[in-house]
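This briefing is intended for a reader who is new to the structure shown below. Please keep the sequence and the model in view while reading the points that follow.

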Amino acid sequence: MAITLDITGVLQAAAFWVSNKGGSNTRKLFFYFYVMLTLLSVLLGNDPVILSGTAFLVYYTAATNLEPLAWLMAEFAAAHTSSMVLFVGNPTNVVICEGFLVNNAAFTAYTILPFLACSVSCYIALFVQFRAEKHLPRKVPQTATLNAREVLRDPIGAWVGSAILGTCLIVIIIVSFFKVDVWKISLPFAGAKLIFDLAWDHYRFVTGKIGHRLESEVTDAVEANDPMVSELKRAMSVSSGDANAGGPSLAAAVPVAVPEPTDPKMISTPASTMTVPPATESGHPLFPRQKEYAKSKWASFAAHFPTLSTALPRLPFGLIPFAFSQFILIEGLSHQGWIEVFAGWLVKATRGGQMFPTIWIVGVLGVLLCNLAGTNIGATILLTKIVRAAPNFPNNSTRAAAIALAVASNIGAVSFTFSASLAGLLWHTILRQKGINHIGQGTFAFWNMLPLAIMTSVGLAIVSAEMAVLY
């Protein structure tokens, strides 16, 4: 539901609106973008925000001649910090709710204050780090009024998608008090959204509201005609009075598909004008007609149902085998007796399961293990098993460990390695695709050290205060 809502262009439209509100004041604009990304990540989770927000900031900073590092690091931090609020914001939240039997609404009640503290402290740390003119100049070098309506591809789809997603979240929180499984609520809403997308795309197709593209026009080089990129180019050109203003820098950030040089070894089949690779060693092509047929069918489907065809490749199918592999590895540790060993160490380190040592030990370990235990998902599964296996662990310490782990597994992604979260790997991949190659592992770790240290200290301190009041 979040991905199909993103496809309507609502995130880009919100970014354009925020850009207009910020004007030419870079510091104000930096704050507005941070708040916008935070709110969107609370509602949609970090993956859709990383997908759309990263591409927008790359294009926007290129068009306005801003150094992208500060903006991209702030986006990454805001998206991951905000995902701790709702249990659906991050897969680690689901693991914690299921593993510690935490009510979904109670989870939000526990994490809202640590989230606010972490979010504010993270912004302060980021602003202090990037206060230099190189990163955040007083004025935006090149500004223009952007048309938010221009990038909203499907206003009706945006309204319907927002209503369905919002209603689903509200219903899930309400029925969580009655111990109803989340999937029993979210699946009907997702099915309703799928039916709407298919029906709405079909209606627009038959009425001519979306173009009947030729099969040859359906290529991977869609970004050259992206409404967001086109509007940025138009606005910056009008602003400067020069049709080429901002063009070189923006064009450098927009990958354009360039045909490969003609290779004499390439051959064509009589059945198609499509060029295919040379024959295999056996002398036969690798199913050229079948490939051409499948390609033409997918092109027709994509032209008829653009929402579904765009959403399908974005769905996190890879998360399923990845999560299974993490569970299997940790079950292997349990079978060999290591979980019980680790649980015994935890009891000793926390002086018999005292609450406050538990909060800080589990929290700090959670942050560190995000980098060492196969992303934050692996770290969360491992620590959940350890705490649950700890002998004679008090109930209040178990609940405190759950909330500390919720904070740690989300802010732990803002860490030293891209692999601390799946969204981090996605973020890095998008940057490389957009030509941002100067944000490597070392740069990423360096600029995350201060925000991570402050968020860990502040977040766990708030959890300690909450537990002190409750218990």
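In this predicted model, Arg 351 is exposed, with a relative accessible area of 64%. Its place is in the loop between helix H16 (338–349) and helix H17 (355–372). Although Arg 351 is not a glycine, its phi is positive, at about 60 degrees.

**Positive phi in loops**

- Arg 351 counts as exposed because its relative accessible area of 64% lies over the 50% cut-off.
- Asn 65, likewise a residue other than glycine, has a positive phi near 60 degrees.
- The location of Asn 65 is the loop between helix H4 (46–63) and helix H5 (68–82).
- Asn 65 has a relative accessibility of 43% and therefore counts as partly exposed.

**Salt bridges**

- The count of salt bridges in the model comes to seven.
- One of them joins the side chains of Arg 27 and Glu 133, with an N to O distance of 3.7 Å.
- This pair links distant parts of the chain, its members being 106 residues apart. Arg 27 belongs to helix H3 (residues 26–44), while Glu 133 sits in the loop between helix H7 (104–129) and helix H8 (148–151).
- Arg 27 is buried, at 15% relative accessibility, whereas Glu 133 is partly exposed, with a relative accessible area of 45%.
- Glu 133 also forms a salt bridge with Arg 138, where the closest N and O atoms are 3.6 Å apart.
- Arg 138 counts as exposed, because its relative accessibility is 55% and the cut-off for exposed residues is over 50%.
- Another salt bridge brings together the side chains of Asp 197 and Lys 193, at 2.7 Å from N to O.
- Asp 197 has a relative accessible area of 8% and Lys 193 one of 3%, so each is buried, the limit being under 20%.

**A buried threonine**

- Thr 384 is part of helix H18 (residues 375–389).
- With 6% relative accessibility, Thr 384 counts as buried.
- Leaving aside residues up to four places away in sequence, Thr 384 touches Val 95, Gly 99, Phe 100 and Leu 405.

**The largest cavity**

- Two cavities of 30 Å³ or more are present in the structure.
- The largest cavity has a volume of about 90 Å³.
- Its lining includes Leu 11, Gln 12 and Ala 15, together with Phe 33, Met 36, Leu 37 and Leu 40. Val 49, Ser 52, Gly 53, Phe 56 and Leu 57 also line the largest cavity.
- Helix H2 (10–22), H3 and H4 are the elements that give two or more residues to this lining.
- H4 provides the largest share of the lining of the largest cavity, five residues.
- By class, the lining of the largest cavity has nine nonpolar residues, three polar residues and no charged residues.

**The second largest cavity**

- The volume of the second largest cavity is about 40 Å³.
- The second largest cavity is lined by Phe 30, Phe 33, Tyr 34, Leu 37, Leu 57, Trp 71, Ala 74 and Glu 75.
- At least two residues of this lining are supplied by each of H3 and H5.
- H3 gives the most to the lining of the second largest cavity, with four residues.
- The lining of the second largest cavity divides into seven nonpolar residues, no polar residues and one charged residue.
- Phe 33, Leu 37 and Leu 57 are listed in the lining of the largest cavity and also in that of the second largest cavity.

Definitions and conventions: Residues are numbered from 1 along each chain as its sequence is written. This is a predicted model: local features need pLDDT of at least 70, side-chain atom pairs count only at pLDDT 80 or more; totals for chains, interfaces and linings use all residues. Side-chain values use heavy atoms; hydrogens and water are left out. A salt bridge is a side-chain nitrogen of Lys or Arg within 4 Å of a carboxyl oxygen of Asp or Glu. Buried means under 20% relative accessible area, exposed over 50%, partly exposed in between (1.4 Å probe, protein chains only). Contact means heavy atoms within 4.5 Å. On a 1 Å grid over the protein atoms alone, a cavity is a set of points where a 1.4 Å probe fits but cannot get out, and a pocket is an open set with protein on both sides within 12 Å along at least five of seven lines; lining residues have an atom within 4 Å of a point. Grid points are joined across faces, edges and corners, and a volume is the space filled by probe spheres set on the points. Ala, Val, Leu, Ile, Met, Phe, Trp, Tyr, Cys and Pro count as nonpolar, Asp, Glu, Lys and Arg as charged, and the others, Gly among them, as polar.
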